[in-house]
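Morning, everyone. Let me put the model on the screen, and then we can walk through it together.

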Amino acid sequence: MSASNHKLVIYQLLPRLFGNANTTNKFYGAMEENGSGKFNDITEKAITEIKAVGFTHIWYTGIIEHATMTNYSAYGIKPDAPAVVKGRAGSPYAIKDYYDVDPDLAVDVPNRMAEFEALVLRTQQEGLKVIIDFVPNHVARTYNSDVKPNGVHDFGEDDDVTQAFSPKNDFYYIPGQDFVVPQGYVPGGENFVGELKNASYVESPAKGTGDDVFTASPSINNWFETIKLNYGADYSHGYEMHFDPIPPVWQKMLDILCYWAKKGVDGFRCDMVEYVPQEFWAWLIPRMKQHYPDLIFIGEAYQTGEYSNYLFKGHFDYLYDKVGLYDAIKRLTRNEPGASTWEINRVWNHDCRGFDERMLRFMENHDEQRIASEYFAGDAWLAVPGMIITTTLASGPVMIYFGQEVGEPAVAAEGFSGADGRTTIFDYYGVPEHQKWLNGGAYDGGGLSESQQVLRFFYSRLLNVSRKNVAIAEGKFYELMMANEHSQGFNQRLYIYLRYTGEQRVLVAVNFNRQNQPLLLKLPDDLLAAFNLSGEVSFVDLLSGTVFITPNIKKGLPVTLPLMGGVLLEF
């Protein structure tokens with residue numbers, strides 16, 4: 001195997017949770033009670049351990065300052081009204097100041113930006129690249145930049161609030177009506193008695209809400225804590241576009257991204273890109289790449305029919321593959337009735353045809369349920385076949401969410417985030433199984449069970465192989481389902497394909513059945529001829545080291561695929 005720089009392997013972590021060794025985990029607990037991880041907790045040791053698992057990039061989630069119930073007024077930061085904050089810590093996607101970092105993450109709050117810059121440097125010195133969030137569609141209702149550069153006008157500062165829509169405005173308005181906090185919202189939980197608890201929230205006139213709700217009284221299920229930004233689309237008149245002259249929000253966002261790129265950030269994971277006009281991305285990304293050609297842009301997108309537009313017109317480097325591969329693999333992993341690996345064929349052959357290598361694949365992230373939770377699979381080991389496909393189906397990026405590699409099940413109700421199988425992004429909390437690897441800041445896995453250590457080794461082996469093996473990292477794809485559908489032992493819970501270059505070949509076979517599956521693996525005649533294969537051929541499983549031999553490759557290779565497992569057979 002020769003190393004490849006082609007394949008991105010991304011580790012997503014929330015600093016607020018990642019380095020937090022506090023195990024109190026009080027429901028709706030304050031930061032003083034439940035603790036918060038800091039930038040400084042992500043030490044050289046932590047980063048080298050992350051790198052050793054095979055990662056090339058770290059996505060530091062929730063870096064930029066967001067609305068919170070924690071009071072930082074002593075540091076010149078304007079407090080937020082709890083009535084429009086979700087959770088004690090607040091949502092990382094309700095941005096309060098695009099030019100600042102979250103004070104929760106600093107040991108020395110006045111020095112918070114320097115602590116972040118030191119983390120960027122530390123990460124890059126260990127040979128990893130840094131991705132942060134870019135949240136373009138909405139801001140916190142209490143948006144207020146107290147550290148913006150000279151000459152920068154805050155969002156809404158120059159708006160004509162008598163106009164429901166104006167292409168010159170940053171926000172959308174509901175003139176003549178005051179904002180109404182949704183009925184039934186109990187900020188901070190029933191027992192919250194903080195000094196901000198009864199602080200009233202006044203917004204007059206009301207502004208449009210982040211999930212395209214243009215009413216003064218959004219529901220509790222809306223993104224009521226956020227304000228929609230105006231990119232020149234008039235929703236009241238059938239989505240009329242007003243892009244000439246360039247709307248002020250476009251220029252403000254360009255300035256904000258340049259601000260972070262100058263700090264050495266290597267890429268941006270862009271939140272909910274389909275809520276922002278595609279024309280904005282087509283304008284923004286090429287401008288950024290003129291100055292920072294190596295920057296990467298990853299788009300969170302869900303409309304499969306629009307993928308090619310966001311990639312080829314909007315100039316994104318990569319898009320989420322949630323609606324295609326993630327959903328298909330989740331059904332198979334859960335052993336749902338009717339789930340079939342032919343759904344995976346549809347992903348690369350239809351939804352992502354022509355750009356499969358530009359889809360970011362994952363089985364967990366901050367929005368999705370943990371594999372080990374009862375809502376997903378109930379057992380972290382059931383992820384094995386799905387992770388093999390997620391990692392090796394194409395040369396595009398693969399992403400792991402911190403704690404996934406040790407089987408974090410997210411069983412508790414943490415506060416605003418109930419017991420839903422997700423690790424909270426809204427609350428101060430410790431992540432119990434991850435903390436066993438954290439081991440008080442030693443980052444040595446000292447508290448992990450033997451099963452967790454073996455699981456982490458599986459992830460490490462899979463990710464390192466996929467990055468270093470050129471066939472997987474850069475090679476072509478050939479599906480072997482048709483060639484094997486009449487083979488002895490074949491069924492629709494198996495998936496079989498080849499990744500290959502002129503020098504290297506890896507046959508991937510996975511088994512979603514809940515029992516071991518004997519199978520006669522066959523390569524079609526055209527491949528045998530192309531690879532000049534005949535007679536005896538030996539295969540080595542890159543995951544286990546097991547050697548498989550067939551005396552006559554034309555008759556196939558007999559293997560027994562382990563239940564909920566798979567092989568990467570190099571030959």
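Start with the largest pocket, which holds about 570 Å³ of space. Of the 26 residues that line this pocket, the closest to its centre are Ser91, Trp223, Asp367, Ile425 and Phe426. The lining has nine nonpolar, nine polar and eight charged residues. Here Ala, Val, Leu, Ile, Met, Phe, Trp, Tyr, Cys and Pro count as nonpolar, Asp, Glu, Lys and Arg as charged, and the others, Gly among them, as polar.

A word on the source. This is a predicted model: local features need pLDDT of at least 70, side-chain atom pairs count only at pLDDT 80 or more, and totals for chains, interfaces and linings use all residues. Residues are numbered from 1 along each chain as its sequence is written, and side-chain values use heavy atoms, with hydrogens and water left out.

How is space found? On a 1 Å grid over the protein atoms alone, a cavity is a set of points where a 1.4 Å probe fits but cannot get out; a pocket is an open set with protein on both sides within 12 Å along at least five of seven lines; lining residues have an atom within 4 Å of a point. Points are joined across faces, edges and corners, and a volume is the space filled by probe spheres set on them.

Now the cavities. There are three of 30 Å³ or more. The largest cavity has a volume of about 40 Å³. Its lining includes Leu14, Arg16, His66 and Asp102. By class, that is a lining of four nonpolar, three polar and two charged residues.

Next, helices. Helices (H or I, at least four residues) and strands (E, at least two) are DSSP runs, numbered from the N terminus. Helix H6, residues 278-291, has 14 residues and reaches 21 Å from its first C-alpha to its last, close to the 20 Å expected at 1.5 Å a residue. The expected span is 1.5 Å times one less than the number of residues. Buried residues of H6 include Phe280, Trp281 and Trp283. Buried means under 20% relative accessible area, exposed over 50%, partly exposed in between (1.4 Å probe, protein chains only). Among the partners that the buried residues of H6 pack against are helix H5 (248-261) and helix H7 (307-313).

Two single residues now. Is threonine 550 buried or exposed? Threonine 550 is buried, at 2% relative accessibility. It sits in strand S22, residues 547-550. The side chain of threonine 550 reaches the backbone oxygen of glycine 556 at 2.7 Å. Glutamine 504 is in the loop between strand S18 (494-500) and strand S19 (505-511). Its relative accessible area is 13%, so glutamine 504 is buried. Its side chain reaches the backbone nitrogen of valine 470 at 3.0 Å. It also makes a polar contact with the side chain of glutamate 570, at 3.4 Å. A polar contact is a pair of N or O atoms within 3.5 Å; within protein, one must be able to donate a hydrogen and the other to accept it, and residues adjacent in sequence count only if both atoms are side-chain atoms.

Last, the backbone. Most residues other than glycine have a negative phi, and most peptide bonds are trans. Serine 204 to proline 205 is cis, with omega near -5°. Aspartate 244 and proline 245 are also joined by a cis bond, with omega about 5°. Asparagine 25 has a positive phi of about 50°.

Key
Contact = heavy atoms within 4.5 Å.
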